[in-house]
Amino acid sequence: MMGTILTSKADCRDCYKCIRSCPLKAIGLKDGQAWVVEEKCILCGQCIVVCPQKAKSTISQLLLVEKFLAAGERVVVSLAPSYLATALFSTPWKLVAALKVAGVFRVEETVLGAKPVAAEYGRLLRDRQLSTLITSCCPVVVNIIEKYYPGLLPSLPGVISPMVAHGRQIKKKWGPETKVVFVGPCFGKKDEREREEAHTTIDAVLTFQELADLFTKKNITPDSLDDCFPDGSAPEIRTFPLKQGTLEAAGINAPISAEVISVCGVEECMETFADLSKGQIKPRFIEALACRGGCISGPAM
């Protein structure tokens, strides 16, 4: 799996910080080094963030994107809305400008794909076909349910994520040969890209740091460029990746209550799913995000 978290034997130095920080206890010891147990891992990326030696990583598709650009492929970047808050560039518009200098054909905001996704959640809630509906935009949340609460799988309505929806829009408009590269703050998106519904739609996934590495390799200095804005955007729903953002975009105006719940953070999601599994709560709608505060706090920000 592309989203598998790797451990460098040479760099892992017996600090065990990743073991202490993993919310699912998905890291074990082998020959004195900390290794991720794939069967338990949900790809939240916390171990990558806390490792002082940078011994944890995921497989990068940076070389693949470089090949697309070198070959003159039509590359369209789907830019996660968290780009507005990344600290790697002085302004988000410098990031967009650098992508254009790198040879990207178009830069669009992923929230363009969030529009139909949000509308579908609103429709499902109104139809009341599911006793409880859990959003599936966050790949880490999907991993949590699949690995730890499989009994809740019927509550996932099968709605594709904004990343996949936007990729389909791009392929439909610009042709199936167009290369779609998603850039965002989430390691879990690398794993989502391997799923059947995304594999033929998203050609590569990069984090913001990998994007910065691309600019460095190409000798592009974003802060020296004039601001450039995305070719496609949806400012009205840029709050989609924040807590309660899905509710707002879906037109679910009911106040947060026993029927409509918004949870973020792995621990909070786990507690909520445990209560739901035991029948202790019976909400109609659960907006679930694995990062506290939403994607803006993603591990690869």
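Trainee: Which residue stands opposite Phe285 in β11?

Mentor: Val260 does. Keep in mind that this is a predicted model. Let us start with the sheet.

Trainee: How do strands of a sheet pair in general?

Mentor: They pair through backbone hydrogen bonds, either parallel or antiparallel. Here the sheet is open and has 3 strands, in the order β7-β11-β10, with parallel pairing.

Trainee: Which strands stand at the edges, and what does that leave?

Mentor: The edges are β7 (133-134) and β10 (260-264). Each has a single partner strand, so one side of each lacks a neighbour in the sheet.

Trainee: How many bridges join β10 to β11?

Mentor: There are 5, and the two strands run parallel. β11 covers residues 285-289. Within this pairing, Ile261 has Ile286 of β11 as its bridge partner.

Trainee: And how many bridges join β7 to β11?

Mentor: 2 bridges, again with parallel strands. Leu133 has Phe285 of β11 as its bridge partner. Phe285 is also the residue that Val260 stands opposite.

Trainee: Is β11 enclosed or open to the outside?

Mentor: β11 is largely enclosed by the rest of the structure, because 5 of its 5 residues are buried. Look at the side chains by direction. Phe285, Glu287 and Leu289 point one way. Ile286 and Ala288 point the other way. All of them are buried, Glu287 included.

Trainee: Now the helices. At what angle do α6 and α12 pack?

Mentor: Read the angle together with the distance between the axes. Helix α6 (residues 139-148) and helix α12 (residues 266-277) pack at about 45°, with axes 11 Å apart. The crossing of α6 past α12 is right-handed.

Trainee: Which residues of α6 and α12 meet?

Mentor: From α6, take Val141, Ile144, Ile145 and Tyr148. They meet Val266, Cys269, Met270 and Phe273 of α12. By class, this contact holds 8 nonpolar residues, no polar ones and no charged ones.

Trainee: At what angle do α3 and α10 cross?

Mentor: Roughly 50°. The helices are α3 (residues 62-70) and α10 (residues 208-217), and their axes come within 10 Å. The angle makes α3 oblique to α10. α3 passes α10 in a right-handed crossing.

Trainee: Which residues make that contact between α3 and α10?

Mentor: α3 supplies Leu62, Leu63, Glu66 and Leu69. α10 supplies Glu210, Asp213, Leu214 and Lys217. The contact of α3 with α10 divides into 4 nonpolar, no polar and 4 charged residues.

Trainee: Where do Leu43 and Lys54 lie?

Mentor: Leu43 is in the loop between β3 (33-36) and α2 (46-50). Lys54 is in the loop between α2 and β4 (56-58).

Trainee: Is Leu43 buried or exposed? And is Lys54 buried or exposed?

Mentor: Leu43 counts as buried, because its relative accessibility is 5%. Lys54 counts as exposed, because its relative accessibility is 70%.

Definitions and conventions. Residues are numbered from 1 along each chain as its sequence is written. This is a predicted model: local features need pLDDT of at least 70, side-chain atom pairs count only at pLDDT 80 or more; totals for chains, interfaces and linings use all residues. Side-chain values use heavy atoms; hydrogens and water are left out. Axes are lines fitted to C-alpha atoms, for helices over the stretch in contact, and angles run from 0 to 180 degrees between N-to-C directions. Helices (H or I, at least four residues) and strands (E, at least two) are DSSP runs, numbered from the N terminus. Angles under 35 degrees count as roughly parallel, over 145 as roughly antiparallel, 65 to 115 as roughly perpendicular and the rest as oblique. A crossing is left-handed if the near helix is turned anticlockwise from the far one by less than a right angle, and right-handed if clockwise. Contact means heavy atoms within 4.5 Å. Ala, Val, Leu, Ile, Met, Phe, Trp, Tyr, Cys and Pro count as nonpolar, Asp, Glu, Lys and Arg as charged, and the others, Gly among them, as polar. Buried means under 20% relative accessible area, exposed over 50%, partly exposed in between (1.4 Å probe, protein chains only). Two strands pair if DSSP finds at least two bridges between them.
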